Amino acid sequence: MKISSTFKISFVALNANKLRSSLTILGIVIGITAIMVVVSVGRSAENMILGEIGGMGAEMIVIRPGKEPKGPTDIAGSLLSNSLKTQDVEALRNKNNVPYLEDLAPAVIVPGSVSYSGETYTPVIFGWVPDLMVKMFDIYADEGTFFTDADIKQKANVVIIGAKVKKELFGDSDAVGKNIKIKNKSFKVVSTIAPIGQVGFFNVDDMVLLPYTTAQTYLLGIDHYHEVIVMAKSPELVDATVVDIERTLREMHNITDESKDDFFIVTQEGVVEQVKTIVGALTIFLSVVVAISLLVGGIGIMNIMFVSVTERTREIGLRKAMGATKKDIMFQFLIEAILLTGMGGLIGVILGAGFSYIGSFALGQAMGTIVKFSFPLSAAILGISVSAFVGLVFGLYPARKAANKDAIEALRYE
Amino acid sequence: MPLLEIKDLKKIYSIDEVETYALRGVSFNVEEGEFIAITGPSGSGKSTLLHILGFLDKPTTGEYKFSGKMIDKYSENESAVFRNKEIGFVFQSFNLLARTSVIDNIKLPLMYSDIPEKNWHNLATKAIEEVGLSHRVHHYPSQLSGGEKQRTAIARALITNPKIIFADEPTGNLDTKTGESIMAIFDKLNRINRHTLILITHEKEVANYADRIIHIRDGKIEYDRLTKNGKNNI
């Protein structure tokens with residue numbers, strides 16, 4: 001028997017009971033939609049996070065004060081902790097302590113806004129070291145020159161502003177040489193950064209940079225750092241460098257018990273692993289939910305196939321009388337079940353793709369960045385094959401029952 | 001060589017160790033081109049006989065030769081292939097597939113044959129012409145009268161050009177006039193197209209279209225005789 005005829009018969013049969021067919025595949029549709037959404041949104045989130053980290057260079061190590069955050073409240077704690085200080089930075093700079101350190105820069109974050117002749121804007125204000133930023137982000141000065149180590153030492157009142165900040169405050173006129181105000185203190189703009197957009201977690205265009213010493217002394221009145229950024233000599237040396245940093249800082253802080261660490265270290269690899277672990281765990285959990293939904297859906301398919309076989313007993317008898325073999329009948333009902341679940345899978349894939357698109361858009365809005373929607377082709381193929389497989393498995397028994405019907409009995413069936 | 005040779009055919013059903021004889025030893029031959037009516041009261045075993053002759057059932061004992069071949073050793077699969085190739089069935093209740101057009105209903109046996117799909121349409125068109133339904137090709141069974149339904153079923157039985165056509169009470173669900181028109185088609189198929197026909201009926205008028213009547217009662221042949229037609233025909 002021709003496969004095309006089989007498909008045609010199955011299609012006619014399913015089409016005859018549209019409502020029943022649609023209700024039957026609902027479970028499958030939901031299951032596959034869930035697969036798609038989980039895989040797609042999971043991957044979008046992963047891509048987004050990994051992409052952001054990826055922009056920062058694999059050599060980068062970030063040391064933050066306080067305990068490693070396990071939840072949102074811990075992050076605030078990290079900003080308030082004052083465990084990273086000048087002497088720590090000096091110790092880390094010592095080649096005997098951390099031999100593979102290429103460069104290092106402390107950073108502080110200044111909350112607040114900037115203003116120039118009546119225009120006010122709220123950028124991200126960092127006390128930092130431009131040298132390291134150049135190495136990390138590949139940025140360069142559009143106009144003027146970046147401030148130097150000498151400026152940092154002197155706690156000079158100088159700032160570098162990002163392209164967007166410049167536009168907000170100065171429009172099209174020159175910015176370099178002008179004085180802007182942060183917390184009522186005057187700072188001279190020495191340079192603007194060429195537009196580059198989002199790099200890593202930072203929108204460089206939206207940044208204002210000033211010497212961290214200046215920020216600590218005149219704006220924040222603190223003597224600790226919010227972050228210390230370290231560059232290892234190469235990505236391969238990151239792990240060794242992390243070990244050295246931990247040892248050095250524990251020595252500096254007289255810590256013997258690792259669990260009492262008053263600092264924590266973030267590396268690209270660490271974050272990548274964390275993200276993958278979270279996404280992986282989520283995927284496994286939801287896969288179980290999906291599997292259950294497919295199982296329930298499959299049982300529904302089996303049930304409706306039994307009904308269909310019974311309803312069409314006479315048809316089976318007729319086909320047998322006309323020369324259909326057991327195999328032909330079995331095949332026909334199997335194809336019907338597979339077609340049914342396959343269609344459920346297809347609808348699920350389409351719905352899932354739609355929801356994922358909306359989901360990644362919403363995620364982007366929530367995170368304040370653009371989350372690129374990626375259609376998970378592998379999940380789509382997996383979804384359709386899994387649903388077809390469900391049809392095969394749960395259609396097998398009803399199809400066998402149909403094939404084994406006695407032709408004479410079947411023809412007499414009322 | 002006769003087309004069908006059956007010798008001492010017996011069919012015993014055992015249900016709960018109670019044996020019921022449906023056929024108690026039936027023997028006769030059918031020549032190619034014959035038109036036979038099997039008659040008898042209900043429960044006489046005529047349906048069982050038709051099922052055995054049509055490869056839908058197997059005798060408990062006895063011989064059945066089709067074109068000289070013993071067929072009692074045929075597997076279920078071989079029987080199906082054989083039914084498809086050599087046998088056409090027409091049923092009392094038409095057994096058309098709803099939601100399937102006349103032409104697709106007629107093509108049904110071709111689905112299980114090895115006839116290439118490109119020939120299907122021509123074969124179906126030819127079969128439709130034979131039964132005079134060319135104006136109803138794309139209609140659905142629900143749009144047909146009883147007579148038209150039965151003609152569709154006859155066209156379906158004809159399409160594989162089988163050696164023999166079995167009709168089980170083909171006029172049983174039709175009024176007298178329509179029944180006559182259906183019998184006229186059978187008559188034509190036999191006398192002009194030389195199809196071998198065996199039909200079951202309990203109506204005398206219907207049986208008289210045949211050349212020969214085999215009357216069965218209690219699982220045995222009561223009489224086997226030529227009709228007026230038969231005498232003229234031979």
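Helices (H or I, at least four residues) and strands (E, at least two) are DSSP runs, numbered from the N terminus. On this basis chain B of the predicted model holds eight helices and 10 strands, and chain A holds 14 helices and 14 strands. Residues are counted from 1 along each chain as its sequence is written, and chains are lettered from A in the order in which they are written. Because the model is predicted, local features need pLDDT of at least 70 and side-chain atom pairs count only at pLDDT 80 or more, while totals for chains, interfaces and linings use all residues; side-chain values use heavy atoms, with hydrogens and water left out.

The overall dimensions of each chain were computed next. The radius of gyration is taken over C-alpha atoms, and the globule rule is 2.2 Å times the number of residues to the power 0.38. Chain A has a value of 32 Å, whereas a compact globule of 414 residues would have one near 22 Å. The C-alpha atoms of chain A fill a box of roughly 105 × 55 × 35 Å along the principal axes. The C-alpha trace of chain B spans about 50 × 40 × 40 Å along its principal axes.

Of the 414 residues of chain A, 49% count as buried; of the 234 residues of chain B, 53% do.

In chain B, an open sheet of four strands has the order S2-S1-S4-S5, with antiparallel pairing. Strand S2 (18–30) and strand S5 (69–70) of chain B stand at the edges with a single partner strand each, so one side of each has no neighbour in the sheet. Two strands count as paired if DSSP finds at least two bridges between them. Strand S1 (residues 4–15) and strand S4 (residues 61–66) of chain B are joined in the antiparallel sense over five bridges. Within S4(B), Tyr64(B) is the residue opposite Ile6(B).

Helix H1 (residues 46–53) of chain B is mostly covered, with seven of its eight residues buried. The buried residues of H1(B) include Lys46(B), Thr48(B) and His51(B). Phe55(B) follows H1(B) and has a positive phi, near 65°.

Methods: Buried means under 20% relative accessible area, exposed over 50%, partly exposed in between (1.4 Å probe, protein chains only).
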